[in-house]
Structure formats: C-alpha cells, structure tokens
Amino acid sequence: MMNRFLGIAIFWLLVLATAFVAEPYMVAWRFSATSPRTITPRADLTETERTTIKLFQSVSPSVVYVFARTKPQNLFSQGQEESEVQTGTGIVWDAAGHVITNYHVIKGSDQFAAHLPSGESVSVRVVGSAPTYDLAVLQLERIPSPLHPIALGSSADLQVGQSAFAIGNPYGLEQSLTSGIVSALNRQIPTAEGHEIAGGIQTDVPLNPGNSGGPLLDSSGRLIGVTEMIISGSGAFVGVGIAIPVDDVNRVAAQLIREGHVPIPGVGIAAATEAAAAQAGVEGVIILRIYPDSPAAKAGLKGVTAANAQPVHDVTDLARIFERIGVGKTVTLTVARDGQSRPVDVTLADVSRNQG
C-alpha cells in the first residue's frame with residue numbers, strides 16, 4: 001500500500017515538473033504572433049495635436065538647412081587641406097529668394113549653400129550682414145518654384161507663458177520640431193561683436209547646435225523670433241534658449257536687402273564700461289575717445305548722463321536709445337561739463353564704419 005502511494009506521488013510530481021518546464025514553451029506556441037497583428041483603432045487626435053501638426057506642415061517649407069564652407073588657404077595643398085564647414089538654419093524671407101540666418105553661422109566663410117525641404121541644394125551668396133545684431137541675409141542663386149516665405153508675427157505683444165515652437169536642424173537632423181513656452185522677455189543678448197541686442201526672447205523650447213538662425217514661432221505659425229543662442233555649460237540645451245525679437249529682424253532684414261548693411265545711429269564715441277564709470281564715481285557714460293568729424297566732436301562732448309531725459313549708465317543704454325531714434329534724427333544729450341550738467345542737441349549719424 002505504501003509503495004503504491006509513493007508511486008502515485010512520484011508520478012504526479014513528475015507531471016508537475018514536466019508542466020513547469022514545458023509551460024513557457026506552451027505559452028510561446030499558443031500566443032506567439034506569427035502573423036501581423038491587428039491594428040488597434042486610434043482615438044481622434046486632440047485639438048492641440050492637430051494644431052501642432054498643421055503648424056509644422058505650413059511652416060516647414062519655409063525652413064532651410066544652411067551650409068557655410070571656408071576655402072582652403074594653402075594653394076599648394078593639392079586638395080589635402082580640409083575646409084571647415086559650419087551649419088545652421090535659415091528662414092525663407094520673401095519670394096525673391098532671400099534667406100535670413102544668424103551672422104555667426106556664416107562668419108569667416110566664403111562658400112555657401114542651402115538645402116531646401118524639397119531635397120534640392122542651391123548655392124547662395126551673402127547680400128549683407130549685421131554682426132551687431134547677429135543677423136545675415138543670403139540670396140538663393142537659383143529660385144526654385146514655389147518658395148514659401150514665412151508668415152510674420154510681432155514681438156511687441158508677446159506674453160510670458162504663451163506657447164512657442166522651433167523648427168531647425170539640430171546636430172544636422174533636418175526639419176526637427178520642438179515646442180515649449182516663452183519663458184521671459186527683454187533679455188539682453190550679448191553678441192560676439194561686443195554688442196548687446198535688447199528685447200531678447202527667452203524660451204524653454206529645446207534648441208541645440210544647428211538651430212541657430214531658425215524660426216521661433218507662435219501657435220499660429222507666425223515668426224516671433226530668430227533662434228540665436230543657448231545658455232549652457234555643456235554646449236547642449238538645458239532649458240534656456242534665446243531668440244532675437246522679430247521686430248528687430250524685420251527692420252534689419254529690410255535694411256540689409258535694400259542697402260547691404262545696417263546703419264548704426266550714434267555720435268562717434270568710444271566709451272568706458274559701466275564698471276569703470278562706477279569705479280571713477282561717475283553716473284553716466286565716460287567718453288574715452290571721440291572720432292574726428294563726428295557729431296560728438298562737433299558738439300564737444302565730454303561725458304553723457306542722459307539722452308532725451310532718460311538716464312544712461314553705460315554705452316549700451318545710450319545705443320538702445322539711439323536705435324529707437326534713428327540716423328539723421330536729433331537727440332538731446334545731458335552732458336557733464338565743468339562740474340555742471342547742460343543739454344546739448346546732437347544729430348545722430350551712421351557710425352557703422354567706426355562704431356563707438
């Protein structure tokens with residue numbers, strides 16, 4: 001009796017062990033998808049998704065990939081010396097084939113091309129550049145048809161918190177769309193040329209190397225800024241991007257297309273920094289140098305404390321006021337002379353050739 005019970009127990013243990021070992025194989029045999037699976041119907045896209053898709057479809061034809069190459073300088077290298085290629089993003093500005101990008105994308109290069117969304121590559125030439133605004137205008141050498149000039153918005157009525165989008169070529173990944181919000185307004189944008197652009201747009205829209213010169217858009221797909229830089233210790237995006245406001249871009253682009261350069265209103269001075277003025281105990285702009293035959297030379301300026309009754313602390317404050325007034329217009333400067341302040345009317349001149 002005992003032997004019979006033991007035999008039955010061993011039999012069932014063997015059955016269970018066999019089932020345990022075979023179970024994964026049985027599941028795989030029974031449930032493996034050996035033919036294409038049935039697609040689960042998707043719910044309708046949300047309104048936000050539809051809006052974003054429509055935005056990309058309408059704006060992406062206005063965004064190009066910009067290449068700038070430097071010719072090898074050694075004439076005896078026999079092709080061994082490699083040229084340096086800089087890349088960025090460009091924006092189709094008008095039906096004549098003008099393209100806007102950052103100046104730093106093309107700086108130091110002498111051969112240029114644009115890769116279009118259609119897949120075509122077209123040679124371009126530089127129409128004009130404005131280093132102090134980090135902007136340049138290119139011209140397509142051949143006009144493909146049709147072009148899609150970007151729709152313009154305004155940066156004057158932007159609100160912190162509104163949606164923002166960027167299309168560009170980060171790390172060479174063409175036609176990449178990213179989204180976020182306008183994080184802050186009126187940031188100062190330092191340029192490599194020692195100038196500061198006022199009114200910069202801060203955004204958390206992801207931007208990376210290759211986005212430079214591309215569009216920052218509102219939710220209607222209108223251009224509100226040109227992506228210019230990221231603030232990052234690593235060189236990759238960490239949540240802070242800066243764009244040049246479109247109202248400045250619109251003004252500068254028109255001047256570059258019309259004249260090839262941007263007149264810079266000024267009085268012809270080189271000034272000390274705000275820190276140097278503070279060290280000297282001076283409230284205002286200390287003039288270090290006056291250019292000959294300039295408005296400053298004719299007016300006999302020594303130091304400036306205000307312009308049109310607005311206090312100025314450094315040359316950036318002064319330049320910002322001059323930009324609003326414009327070349328050929330008159331500004332009333334409050335100058336310090338012999339320990340006293342007095343107003344002097346000065347007509348602003350174009351100082352782009354001897355900026356100061």
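**Entry 1: the chain as a whole**

I counted 7 helices and 20 strands in the protein chain. Helices (H or I, at least four residues) and strands (E, at least two) are DSSP runs, numbered from the N terminus. I noted that this is a predicted model, where local features need pLDDT of at least 70 and side-chain atom pairs count only at pLDDT 80 or more, while totals for chains, interfaces and linings use all residues. Residues are numbered from 1 along each chain as its sequence is written, and side-chain values use heavy atoms, with hydrogens and water left out.

I looked up burial next: of the 356 residues of the protein chain, 39% count as buried. Buried means under 20% relative accessible area, exposed over 50%, and partly exposed in between (1.4 Å probe, protein chains only). The accessible surface of the chain comes to about 19600 Å², and 55% of it belongs to carbon and sulfur atoms. Such areas come from the Shrake-Rupley method with a 1.4 Å probe; for residues, only the protein chains shown count as cover.

I also checked contacts (heavy atoms within 4.5 Å). Among those between residues at least 6 apart in sequence, 58% join residues at least 24 apart.

**Entry 2: helix α4**

I followed α4 from residue 246 to 259, which makes 14 residues. From its first C-alpha to its last it reaches 19 Å, close to the 20 Å expected at 1.5 Å a residue. The expected span is 1.5 Å times one less than the number of residues.

Which residues of α4 are buried? I listed V246, D248, V249, V252, A253, Q255 and L256. The buried residues of α4 pack against β3 (98-101), β5 (121-130), β6 (135-140), β9 (196-203), β11 (223-230) and β12 (241-245). Just after α4, I found G260 with a positive phi of about 85 degrees.

**Entry 3: salt bridges**

I applied the rule of a side-chain nitrogen of Lys or Arg within 4 Å of a carboxyl oxygen of Asp or Glu. The count by this rule is 5 salt bridges.

One of them joins R251 to D248, with the closest N and O atoms 3.8 Å apart. These two residues of α4 are 3 residues apart, about one helical turn. R251 is partly exposed at 31% relative accessible area, whereas D248 counts as buried at 19%.

I also looked at E259 and R258, whose side chains meet in a salt bridge at 3.3 Å, N to O. E259 is partly exposed at 39%, and R258 is exposed at 56%.

In helix α2 (residues 47-59), E47 and R50 lie 3 residues apart, about one turn of the helix. Their salt bridge has its closest N and O atoms 2.6 Å apart. E47 counts as exposed at 51% relative accessibility, while R50 is partly exposed at 40%.

**Entry 4: aromatic rings and a patch**

I found 1 aromatic pair in the structure. The rings of Y65 and F67 have their centres 4.4 Å apart and their planes at 45 degrees, so the pair is tilted. Rings of Phe, Tyr and Trp (its six-membered ring) pair if their centres lie within 6.5 Å; planes under 30 degrees apart count as stacked, over 60 as edge-to-face and the rest as tilted. Y65 is buried at 8% relative accessibility, but F67 is partly exposed at 30%.

Last, I noted a nonpolar surface patch of I8, F11, W12 and V15, with about 390 Å² of accessible area together. Patches are made of residues with over 30% relative accessible area and no salt bridge: like charges are joined within 9 Å, nonpolar side chains (Val, Leu, Ile, Met, Phe, Trp, Tyr) within 5 Å. I placed F11 in helix α1 (residues 2-31); F11 is partly exposed at 48%.
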